[in-house]
Amino acid sequence: MTSTAIDQKATGYTVRHALAMARAAALAYEDEATIDATARTWDFDRVRHHRTAFRPPFPLEDTQAYTLGGHSMIITGFRGTEPAELRDWLSDATTPPWPGPGGKGYVHHGFAEALQAVWPQVGATVDEFRDNGQTVWFTGHSLGGALAMLAGARLHFEEPRLTANGVYTFGQPRTCDRQLSKEFNTAFSDRMYRFVNNNDIVPQLPPEPTFHHVSALRYIDAKGAIHHTMPLLSGMLDHARGLTADALAPTSDGVRDHLMDAYLHALEHNQD
């Protein structure tokens with residue numbers, strides 16, 4: 001894990017700050033000792049770990065996240081999971097949806113339950129750490145991206161109605177219905193950045209039309225360039241490259257492009 005410091009004064013979008021949020025998302029996969037040590041190198045003096053076991057009707061063991069508190073910034077990073085472990089529940093559109101934050105639409109039941117397992121801890125920690133008007137950021141990869149987006153929605157649409165300064169997700173699956181997506185897009189204009197790397201299979205699940213993405217896409221093409229939209233023709237060509245019969249197989253292009261290291265590599269080569 002790199003020790004490159006995070007600029008706690010950062011506010012708007014830059015590729016450099018996106019890389020910092022990607023590193024924070026990657027950090028969620030590390031053990032607590034590594035997270036604590038990295039937090040110190042990033043000049044965050046408070047760390048809180050969130051881990052709650054739960055037993056949903058999906059093959060997940062628990063929800064893991066951490067929150068860092070610094071002099072000017074608070075970051076909560078949510079841990080993701082392996083694509084193979086997401087296979088059954090990402091493809092399942094039959095589970096009844098969960099009411100969205102503040103009564104805004106609906107969300108995927110599994111995502112909502114996973115966030116609920118730690119949300120009381122996360123919400124209380126953000127409130128406790130935010131003692132100096134610090135900016136608030138949520139980030140995550142894969143499942144962690146879905147949880148980061150929903151955490152931002154809960155903080156905004158429910159008490160204390162604080163809008164996070166930014167939500168950065170990497171390889172996030174579709175998370176909610178059209179209504180919540182629309183409400184979220186309005187509330188998080190210029191605050192939400194959803195990165196998709198080329199053939200990454202996870203953002204293509206769960207299936208439409210039941211589930212939708214929030215906007216603010218940052219698409220990384222096959223050559224590693226970042227676009228604010230997915231060009232139709234080149235997107236089709238990208239998706240045609242390297243696909244196997246099983247896009248969730250460990251050796252498939254869809255899984256290789258989903259790896260957190262692939263996102264880090266692209267962002268490291270696109271610095272401002």
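# Reading the labels in a predicted model

Modeller: In this predicted model, His17 touches Ala10, Gly12, Met73, Trp137 and Tyr168, leaving aside residues up to four places away in sequence, and His17 itself belongs to helix H1.

Biologist: What makes His17 count as buried?

Modeller: Buried means under 20% relative accessible area, and His17 has a relative accessible area of 4%, so His17 is buried.

Biologist: What makes E2 and E3 a pair of strands?

Modeller: Two strands pair if there are at least two bridges between them, and five bridges join strand E2 (residues 62-70) to E3, so E2 and E3 pair, running antiparallel. Tyr66 has Gly77 in E3 as its bridge partner, and a hairpin of two residues joins E2 to E3.

Biologist: How do you know that E3 pairs with strand E6?

Modeller: The requirement is at least two bridges, and six bridges join E3 to E6 (residues 135-141), so E3 and E6 pair, and they run parallel. Within this pair, Ile75 stands opposite Trp137 in E6.

Biologist: Which residues point each way from strand E8, and are they buried or exposed?

Modeller: Met192, Arg194 and Val196 point one way from E8, while Tyr193, Phe195 and Asn197 point the other way, and all are buried.

Biologist: What makes E7 and E9 partners of E8?

Modeller: At least two bridges are needed, and four bridges join strand E7 (residues 166-170) to E8, so E7 and E8 pair, in parallel. Thr169 stands opposite Arg194 in E8. Between E7 and E8 the chain crosses through helix H7 (residues 178-187), and this β-α-β crossover is right-handed. E8 and strand E9 (residues 217-220) also pair in the parallel sense, over four bridges, with Tyr219 in E9 as the bridge partner of Val196.

Biologist: Why is H6 called roughly perpendicular to H7?

Modeller: Helix H6 (residues 143-157) and H7 pack at an angle of about 75°, with their axes 11 Å apart. Angles of 65 to 115 degrees count as roughly perpendicular, so H6 is roughly perpendicular to H7. Where they meet, Met149, Leu150, Gly152, Ala153, His156 and Phe157 in H6 touch Leu180, Glu183, Phe184 and Ala187 in H7.

Biologist: What makes H4 and H6 roughly perpendicular to each other?

Modeller: Helix H4 (residues 109-116) packs against H6 at an angle of about 70°, with their axes 10 Å apart. That angle falls within 65 to 115 degrees, so H4 and H6 are roughly perpendicular to each other. Among the residues that meet there are Phe111 and Leu115 in H4, and Leu143 and Leu147 in H6.

Key. Residues are numbered from 1 along each chain as its sequence is written. This is a predicted model: local features need pLDDT of at least 70, side-chain atom pairs count only at pLDDT 80 or more; totals for chains, interfaces and linings use all residues. Side-chain values use heavy atoms; hydrogens and water are left out. Buried means under 20% relative accessible area, exposed over 50%, partly exposed in between (1.4 Å probe, protein chains only). A crossover is right-handed if, with the strands pointing away from the viewer, the path from the first strand over the helix to the second runs clockwise. Contact means heavy atoms within 4.5 Å. Axes are lines fitted to C-alpha atoms, for helices over the stretch in contact, and angles run from 0 to 180 degrees between N-to-C directions. Angles under 35 degrees count as roughly parallel, over 145 as roughly antiparallel, 65 to 115 as roughly perpendicular and the rest as oblique.
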